[in-house]
Amino acid sequence: MIVTLTPNPSVDRAVTVATLAHGEVNRATHVRVDAGGKGLNVARAVTAQGGSALAVLPVGGPEGRLLEELLDEAAVPRLSVPIAGAARMNVSLLEADGTTTKINEPGPELSPSEVAALLDATSSAAADAAWIVGCGSLPPGAPTDFYAQLVAAAHADGRRVAIDGSGEPFTAAVAASPDLIKPNHEELAELVDHSLPTLGDVIAAAQELVSQGLGMVAVSLGADGAVLVTADEVIHARATIGAPVSTVGAGDCMLAGLLHGLSRGVSTAQALTEGVLWGAAAVTLPGSRVPTPADLRGIPVDLTHSPSRAMALGQR
Ligand SMILES: Nc1ncnc2c1ncn2[C@@H]1O[C@H](COP(=O)(O)OP(=O)(O)OP(=O)(O)O)[C@@H](O)[C@H]1O
Ligand SMILES: O=P(O)(O)OC[C@@]1(O)O[C@H](CO)[C@@H](O)[C@@H]1O
């Protein structure tokens with residue numbers, strides 16, 4: 001089982017317009033609402049593929065009740081931690097040419113006791129977990145070392161833990177040596193504090209982090225796929241799809257596929273293939289929709305243990 005902790009979940013409202021006209025009244029052609037926030041997306045993706053996941057989340061206000069309803073509809077098992085504030089609602093504006101504009105709210109203020117209750121709930125939910133994964137931004141009130149605390153607690157219980165975050169909380173979590181991190185290109189550059197124009201630069205940065213005590217670094221690279229670096233392996237995989245529909249949550253689906261594979265004990269190469277496939281399939285779907293097995297069919301994935309380090313990123 002994969003236990004996900006989403007300290008700042010959101011109701012994701014995806015609104016499609018032909019072309020966004022700034023400062024004007026735009027008429028939507030389609031609207032979609034999903035339970036969102038990175039950890040909830042991981043749990044939804046694992047569930048949609050027939051895997052076992054449990055989502056731990058803070059729940060408060062009308063948006064919190066809607067989140068629970070959406071998770072129930074998606075048949076995602078959950079452990080809700082009641083909070084006084086109301087969950088946030090994040091809006092994605094999707095244009096016909098595939099451009100996505102997101103507006104993310106900061107989220108509700110958590111009290112120290114609500115923060116402690118979230119971490120406790122995760123520990124108690126994780127008794128049978130193959131992986132615990134903490135994902136996404138922290139809401140106001142959560143301390144910067146929130147994910148570092150999650151890593152320490154998971155390791156004290158003998159559990160493997162993955163983190164996907166950004167900014168200072170991610171840097172603090174990385175210093176606590178999780179078993180896996182899943183930065184995207186930009187987040188990795190932020191972690192090592194320099195730009196990474198080529199695949200070789202990304203691999204070197206990931207290797208630097210592994211040498212500091214991280215188990216695995218999986219870097220998602222958008223249309224350039226993903227690279228997985230461990231102490232012994234460097235693997236690059238990428239999938240080819242037609243025109244992107246919505247990139248929202250693709251990184252979460254990539255992480256979900258990777259962890260789903262690793263939790264079943266397949267090779268790292270097979271797990272990365274699964275991650276890249278789930279991520280690419282997510283891009284072909286509207287809003288934050290997660291792929292089902294049928295959505296994965298017919299998407300080719302190329303994998304290599306000898307990636308072309310000179311490859312310039314962001315050119316596809
Ligand atoms: N245009 C694309 N073509 C093929 N695969 C794609 C494309 N865009 C994304 N992917 C797949 O989705 C994965 C995640 O994409 P990306 O690196 O953009 O994640 P992210 O920035 O973490 O996204 P988010 O934060 O929105 O979840 C990639 O590793 C790749 O497998
Ligand atoms: O504000 P955060 O926590 O960084 O990101 C939240 C979010 O943008 O991430 C998911 C996509 O990865 C969405 O479901 C959600 O709206």
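The entries below go from the record to the ligands, then to a sheet and a helix.

**Ground rules.** I am working on a predicted model, where local features need pLDDT of at least 70 and side-chain atom pairs count only at pLDDT 80 or more, while totals for chains, interfaces and linings use all residues. Residues are numbered from 1 along each chain as its sequence is written, and chains are lettered from A and ligands numbered from 1 in the order in which they are written.

**The record.** I checked UniProt, where an unreviewed entry annotates residues 12-293 as "domain: Carbohydrate kinase PfkB"; such annotations may be inferred rather than shown by experiment. I found that this span is 39% helix and 23% strand, with its end C-alpha atoms 23 Å apart. Helices (H or I, at least four residues) and strands (E, at least two) are DSSP runs, numbered from the N terminus.

**Ligand 1.** I counted 21 residues around ligand 1, and Asn 184, Ser 220, Ala 223, Gly 251 and Gly 279 come nearest. A residue counts here if its C-beta atom, placed from the backbone, lies within 6 Å. Helix H8 (250-263) and helix H9 (268-283) each give two or more residues to this shell.

**Ligand 2.** I found 17 residues around ligand 2, with Gly 36, Asn 90, Asn 104, Gly 136 and Ser 137 closest. Strand E2 (10-17), helix H1 (38-48) and H8 are the elements that give two or more residues here.

**A sheet.** I traced an open sheet of four strands in the order E3-E2-E6-E7, with mixed pairing; two strands pair if DSSP finds at least two bridges between them. Strand E3 (30-36) and strand E7 (100-103) are at the edges with a single partner strand each, so one side of each has no neighbour in the sheet. I also looked at E2 and strand E6 (residues 88-95), which run parallel and are joined by eight bridges. Thr 16 stands opposite Leu 94 in E6.

**Helix H4.** Which residues of H4 are buried? In helix H4 (residues 146-156) they are Phe 146, Tyr 147, Ala 148, Leu 150, Val 151 and Ala 154. Buried means that 20 or more other C-beta atoms lie within 10 Å of the residue's own, all placed from the backbone. Among the elements covering them I noted helix H3 (112-125) and helix H5 (167-175), with contact meaning C-beta atoms, placed from the backbone, within 7 Å. Just after H4, I saw that Gly 158 takes a positive phi of about 75°.

Methods:
A residue is buried if 20 or more other C-beta atoms lie within 10 Å of its own, exposed if 12 or fewer, and partly exposed in between; C-beta atoms are placed from the backbone. Two residues are in contact if their C-beta atoms, placed from the backbone, lie within 7 Å.
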